[in-house]
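Have the view open and follow along.

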Amino acid sequence: MSKLRIRVDQDKCQGHARCKSLAPELFELDEFGNAHEAGDGTVPAGLEDKAWLAQTNCPEIAIEVTEE
Amino acid sequence: MSDSPSASFLPEHPPVTDWVHDFDHTDPVWTDDPFPIWETLRAASPVVHTERFLGCYMPTTYQAVKEIAYDTEHFSSRRVIVRDVRPEISARAPPITSDPPEHKPAKQVLLPPFTPDAMKRLEPRVRAICNELIDEFIADGHCDAAARYTKHIPVRAIAHMLGIPEKDGDLFIKWIHQILELGIKNEEELMNGVREMTGYFMAHLEQRKLQPGDDLISQLLRAKGPGGQPLTDEHVLGSLRLLLIAGIDTTWSAIGSSLWHLARTPADRERLVAEPALIPIAIEEFLRAYSPVTMAREVMKETTISGCPVKAGNMVLLSFPAANRDPAMFPDADKVVIDRKENRHAAFGLGIHRCVGSNLARMEMQVAIEEWLKRIPDFRLDPAGKVTWSEGTVRGPRQLPVLFGKNA
């Protein structure tokens with residue numbers, strides 16, 4: 001399976017925090033509750049489904065998942 | 001104030017016969033069961049219009065709702081309730097009634113106290129509140145779950161956050177009823193509610209200035225506005241007004257609709273009792289299918305939404321609940337699928353006005369459902385009672401008679 005990378009678009013994120021709830025390992029929230037990808041956004045092996053789950057539940061379509 | 005107390009009452013609304021051209025979200029048919037109405041409206045057009053409420057549009061699709069929510073240039077939030085009258089704007093509630101550029105700094109101040117981590121600290125108190133409430137009626141084998149349970153959870157949680165006696169919650173409930181329900185048609189009720197609430201909070205503000213604490217009122221008084229200046233009293237009062245108006249009957253409705261669904265759907269109830277880890281996912285589905293909150297916008301400049309012309313001077317009934325039932329966005333939109341995988345529901349809004357209390361509401365819903373199911377796993381609607389729903393802007397059960405225990 002190819003490696004996935006996630007990125008949260010800061011112009012789109014409104015802090016719904018659905019991603020943090022569904023994939024806590026992959027996202028961090030700042031003091032305002034807005035989401036950022038954890039680390040450099042590389043998705044560790046085994047967490048691919050959670051990355052897609054977060055992407056498909058973001059109401060603002062702020063999460064990009066790319067395959068490398 | 002007028003001489004006659006009845007002078008501020010507006011005429012009763014005539015019953016609706018043509019929903020597509022004359023919709024009315026305060027009509028009893030809508031209040032009782034809005035879902036088939038939204039289907040009819042959606043089939044007619046992505047945007048419909050009524051001459052009621054001095055002229056009002058309603059987007060009927062997820063796409064049209066989203067276009068309006070993202071367009072702060074043509075659509076203002078200065079009025080967030082569709083009413084019969086449009087008096088001078090007096091009691092603001094920033095940031096919900098703010099437009100850019102004032103919106104962002106007003107919202108930034110409120111966000112840190114409502115992050116998921118901050119809510120985790122409040123969670124044990126909410127769990128205790130739920131159990132204290134259940135203790136009061138569990139031996140009876142029946143209760144009105146709206147009056148005895150769902151109604152009190154958000155009131156007490158917010159009172160706790162504000163450092164106000166939880167017993168003052170009954171006052172909050174009265175003001176909310178005056179402002180959100182009676183206020184649609186009765187200006188005097190609305191102004192009385194706002195005036196009493198302002199006086200109450202002003203006294204707490206003065207007290208916190210003398211004796212600051214860790215509560216949210218003290219935090220707001222310490223917070224800095226855009227220019228590094230402390231917030232004005234009027235700003236703090238406005239934000240407190242918002243927390244109360246937006247944070248109470250909304251969540252009370254959401255918890256109530258979830259219990260209503262579980263009372264009449266044994267398969268879902270049994271599954272959540274057996275798999276409590278599924279509760280957070282089920283709650284997102286309850287939020288989608290029974291979204292409590294409809295917002296409003298005012299059209300400032302003519303534009304086009306989903307191909308439909310929209311003219312200035314009209315209000316917009318921004319129905320996130322209708323958007324969340326759009327089959328173009330959600331397969332089986334009218335079915336409640338408690339393990340729905342893809343769920344970009346808009347129950348907390350879309351764009352810059354995303355509900356500031358969404359993390360609080362989610363925590364309260366999760367805790368309220370978890371604690372109820374732990375102690376009352378088997379319950380059903382009381383066939384001898386009647387479920388009633390609130391009218392207008394926030395939808396949820398106001399009477400929810402259920403049987404359990406020896407009556408289950």
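Two strands pair if DSSP finds at least two bridges between them. In this predicted model, strand S1 (residues 47-50) of chain B and strand S2 of chain B pair in the antiparallel sense, with four bridges.

S2(B) runs parallel to strand S8 (residues 315-318) of chain B, and two bridges join them. Here Cys56(B) has Met315(B) of S8(B) as its bridge partner.

In a regular strand the side chains alternate between the two faces of the sheet. For S2(B) (residues 56-59), both faces are covered: Cys56(B) and Met58(B) are buried on one side, and Tyr57(B) and Pro59(B) are buried on the other.

Next, the helices. H13(B) (residues 249-263) and H17(B) (residues 358-375) have axes that come within 10 Å and cross at roughly 35 degrees, and the crossing is right-handed. From H13(B), the contact includes Thr250(B), Ala254(B) and Leu259(B), and from H17(B) it includes Ala361(B), Glu364(B) and Trp372(B). By class, eight nonpolar, three polar and one charged residues make up this contact.

H13(B) itself has 15 residues and reaches 20 Å from its first C-alpha to its last, close to the expected 21 Å. Is this helix enclosed or open? Because 14 of its 15 residues are buried, H13(B) is largely enclosed by the rest of the structure.

How values were computed:
Residues numbered from 1 in each chain as written. Chains lettered and ligands numbered in written order. Predicted model: local features only at pLDDT ≥ 70, side-chain atom pairs only at ≥ 80, totals over all residues. Axes fitted to C-alpha atoms, helices over the stretch in contact; angles between N-to-C directions. Left-handed = near helix turned anticlockwise from the far one by under 90°. Contact = placed C-beta atoms within 7 Å. Nonpolar A, V, L, I, M, F, W, Y, C, P; charged D, E, K, R; others polar. Expected span 1.5 Å × (residues − 1). Buried ≥ 20, exposed ≤ 12 C-beta atoms within 10 Å, placed from the backbone.
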